[in-house]
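Keep the sequence and the 3D view open side by side.

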Amino acid sequence: MGTRFVGWGMAVPDKIVTNDDLSKTLETSDEWISERTGIRQRHIGGTTTELGTLAGRRAMEDANVKPEDIDFVILATTTPDRMAPSTAALIQAELGLTCPALDVNAACAGFPYAVRVAQGLIETGTKRILLIGAETLSRWVDWTDRNVAVLLADGAGATVMEYSETENDIRSFVLGASGVDADLLTCDHGSYFFMDGKEVFRRAVRVVVDSASEAIQKAGITPADISLMIPHQANIRIIQAASERLGIPMENAVITLDRYGNTSSASIPMAFWHARDEGRVKKGEYALMTGFGAGMTWASSVLKWSM
Ligand code: ACO
C-alpha cells in the first residue's frame, strides 16, 4: 500500500516582466540577472487564492476527479491572502469542496513538506488529497531592492495524491529546519522580503546535497538511478553546484526558473507539471525532488512513478 500522484496542474498570471523591464527602474541588467541567476523573465499578478484555485482545478481535471472525490486540501504557501482564515479554506470554497483545508508554510521547501503531511494523512485513512503550492511573492517585494526584486515571482502548481493498495510513489523523505538561521531570509508583517543572498546560497547547496544524498541512500538506490531531478527553482548556479556534487547530470534536472523566476512553494509542482508535459515522467523511473528556503528549511524525497 502507499501513495500515488494521479494528476498535475499549474497556473501563472498573464503579466510577464522581463529582465529588461526591471532594468528600466533598477540598477541592474539582463546580462547580470541571467548570468548570476538563470532567470530571464517572471510572471507577476493575481492573488494566492486565484492562482491556487486555477492550478488546483486543472490538477483535478487532469486526475479526472470531482469536488466530492477530494477528502482534504492542503496549500503550501508563504504568502497567504489573509492572516485568517487559511488560504486553503478560500480555495476550498472556490473549488466547491467540502473537505478539511489546511495551509502549510515551510517557505521554498513548502511543497515537499506538504507532500510529507499528505502522505501521513493518506497512511492514516484519508483517501484523496488535493495538494497545491501557490505564491504571490511579488506583493512582498520591495521593487526598489535589486537584491530581491530580480528573483521572486508569482505562480501555482498542484497535484492530486491518492491512496493505493498496490503502488507507492514515495520512496524516502528527509526534512529539516534550522530556526536559528531565521534572519538570513525573512519577511516581517507589513514589510518586505530581506535576504542575505550569499549566505543563503552557500547553505542551500550544502543542505540540498546532504538531504538529497541521504534521501537517495534511504531509498536504497544510487544517484545513477535518478532519471529526473526536480529542484526548487531559486538560482541555476545552486542547481548546477548540487547536480555536480550529487553526481546527477544537469540534463536530468528540470529547469523552469528561466521562465518563472523563484516562485517558492509553487516552483517544484510547476516543474513537475512541465516535466510531465514534456514526457519526462516515465513509469518505473526514479525522481528526486529537493527544496530549501526560509527557516532555513530543507526537504528531499525520492519518488518512483507508478503511472
Ligand atoms: N543587478 C546588478 N548587480 C547586482 C544585483 C542586481 N540585481 N544584485 C546584486 N548586485 C551586485 C552586488 O551589489 C555586488 O556588487 P559589488 O561587487 O560591487 O559589491 C555584486 O552584484 C555581486 O553580488 P553578490 O551578492 O556577490 O552576487 P551573487 O553572485 O551572490 O548573486 C544572488 C546574488 C543572485 C542573490 C545569489 O546570492 C543567490 O541566488 N542567493 C540565493 C537566493 C535564494 O536561493 N533564495 C532562496 C529562497 S527565496 C524564499 O525562500 C522566498
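Predicted model: local features only at pLDDT ≥ 70, side-chain atom pairs only at ≥ 80, totals over all residues.

Several elements of domain 1 give two or more residues to the side that touches domain 2. The strands among them are strand 1 (2–11), strand 3 (41–43), strand 6 (128–136) and strand 7 (154–164). The helices are helix 2 (30–37), helix 5 (110–123) and helix 6 (146–149). Helix 5 gives the most, with seven residues. By residue class, this side of domain 1 divides into 26 nonpolar, 14 polar and ten charged residues.

Charge also crosses the interface. The rule finds one salt bridge between domain 1 and domain 2. Turn to Asp 62 and Arg 276 for a salt bridge between side chains, with N to O at 2.9 Å.

Now step back to the domains themselves. The assignment places domain 1 at 2–164 and domain 2 at 170–304. Their centres, taken over C-alpha atoms, are 15 Å apart. On contacts, 50 residues of domain 1 touch 43 residues of domain 2. The size of an interface is often given as the accessible area lost when the parts come together. Here, domain 1 and domain 2 bury about 3,700 Å² between them. Carbon and sulfur atoms account for 70% of that area. Which three residues supply more of the area that domain 1 buries against domain 2 than any other three? They are Trp 8, Cys 108 and Trp 140, which together supply 18%.

Next, take the chain as a whole. It holds ten helices and 13 strands. Its radius of gyration is 18 Å, close to the 19 Å that the globule rule gives for 307 residues, so the chain is as compact as a globular protein of that length. Along the principal axes, the C-alpha atoms fill a box of roughly 55 × 45 × 40 Å.

Salt bridges come next. The total count by the rule is nine.

Finish with the backbone. Most residues other than glycine have a negative phi, and most peptide bonds are trans. The peptide bond from Ala 84 to Pro 85 is cis, with omega near 0 degrees. Pro 85 lies in the loop between strand 4 (72–76) and helix 4 (87–94). Another cis peptide bond joins Gly 295 and Met 296, with omega about -20 degrees. Met 296 is placed in the loop between strand 12 (286–293) and strand 13 (297–304). Asn 64 is a residue other than glycine with a positive phi, near 60 degrees. Find Asn 64 in the loop between helix 3 (48–63) and strand 4.

Note on methods:
Residues numbered from 1 in each chain as written. Heavy atoms only, no water. Domains from an automatic or database assignment. Contact = heavy atoms within 4.5 Å. Buried area = accessible area lost by both parts, 1.4 Å probe. Salt bridge = Lys/Arg side-chain N within 4 Å of Asp/Glu carboxyl O. Helix = DSSP H or I, 4+ residues; strand = E, 2+ residues; numbered from the N terminus. Nonpolar A, V, L, I, M, F, W, Y, C, P; charged D, E, K, R; others polar. Rg over C-alpha atoms; globule rule 2.2 N^0.38 Å.
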